[in-house]
Amino acid sequence: GTHADGEMVDIYRDPCTDTKNTPELVGQIPQVSETYTYFNIAYPFMNEKGVVMSEFTWSGRSEMYSTEALFVIANLQMLGLQRADTARGAIEVMGALAEEYGYADGGECLLVADQNEVWIFEICGPGPLWTPDSGAPGAHWAARRLPDDEIHAGANRSILREIDFNDTENFMWSTDITKYPSELGFWKEGEPFNYSIIFDTCEGDMSYTCSGRVWRVYDLLASKENTPILNGEQAATEQPFSVKPDKKLSLQDIMAVYYDHYEGTPFDMTVGLA
């Protein structure tokens, strides 16, 4: 569509979960002059320019949540798909809006792709003390480009790993991303900036089930890599961000991953509880 000067966009919470009632109107932002058609499902997934997104939740640390922020992840997906014709552009749109108006959701991961690039975008909130007039960015987000000849898997925990601040071709990140973690003691100057440890948690059985699912994708599709089964913080530091598959993958190969049930592995529940 084309839009007149002064037109506003209504922001609702939460369009991805409140399916029985009219979602709550929580604010408005200025509209842009042109927007693209997109598929508006619970988590919007593709626009007319071929930009696609998929989503999973990792929630993250309680210190990152905000009650004053505006957007949940579905809002950002909608706006990114409406306003961008490339994956990189969609990340720039979502990141800038989240910084300006605030991100109110738990930690989320989006795979954002177009015909040329695949990016992994992760985001969490600015913390409970953030307000729209605080002058601080309203989100902590980063994105990492997937190498063209590799595959990536993620499952309900942060998977971004260490950010290389010297590599602006393959990494993107939010304004002052190191400041708040440094204030909380989650990161010190000179240490590797591992987004997955700084903003997410690594404890308990949930960690094992998440890292186990990522391991199984690589076990099925990249067996030559011999990726180990890891848990806890070890998975957040040593499990690879991406791997080279054994062969060029077909749609059928990807489908086979989704109907796998760990048969023949230590997690095989056909022979007993995992």
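Predicted model: local features only at pLDDT ≥ 70, side-chain atom pairs only at ≥ 80, totals over all residues.
Start with helix α2. It runs over residues 87-101, so count 15 residues by the definition of a helix run. From first C-alpha to last, α2 reaches 21 Å, close to the 21 Å expected at 1.5 Å a residue. Look at the N-terminal end. Thr86 caps it. A side-chain oxygen of Thr86 lies 2.9 Å from the backbone nitrogen of Gly89. At the other end, Gly102 follows α2, with a positive phi near 95°. Which residues of α2 are buried? Among them are Ala87, Ile91, Val93, Met94 and Leu97. Glu99 is on that list too.

Now Glu117. Find it in the loop between β4 (107-113) and β5 (118-124). Buried or exposed? Glu117 has 15% relative accessibility, so it counts as buried. Its side chain makes a polar contact of 3.2 Å with the side chain of Arg145. Setting aside residues up to four places away in sequence, Glu117 touches Ala87, Arg88, Val112 and Arg145. Ala87 brings us back to α2, where it is one of the buried residues.

Last stop, Asn156. This one sits in the loop between β6 (140-145) and β7 (171-173). Asn156 counts as partly exposed because its relative accessibility is 32%. What does its side chain reach? The backbone oxygen of Thr57, at 3.0 Å. There is also a polar contact of 3.1 Å to the side chain of Arg213. Beyond its neighbours within four places in sequence, Asn156 is in contact with Phe56, Thr57, Trp58, Cys210 and Arg213. Leu221 is 65 residues away along the chain, and the C-alpha atoms of Asn156 and Leu221 are separated by 20 Å.

Methods: Residues numbered from 1 in each chain as written. Heavy atoms only, no water. Helix = DSSP H or I, 4+ residues; strand = E, 2+ residues; numbered from the N terminus. Buried < 20%, exposed > 50% of the residue type's maximum accessible area, 1.4 Å probe, protein only. Polar contact = N/O pair within 3.5 Å; in protein donor to acceptor, adjacent residues only side chain to side chain. Contact = heavy atoms within 4.5 Å. Expected span 1.5 Å × (residues − 1).
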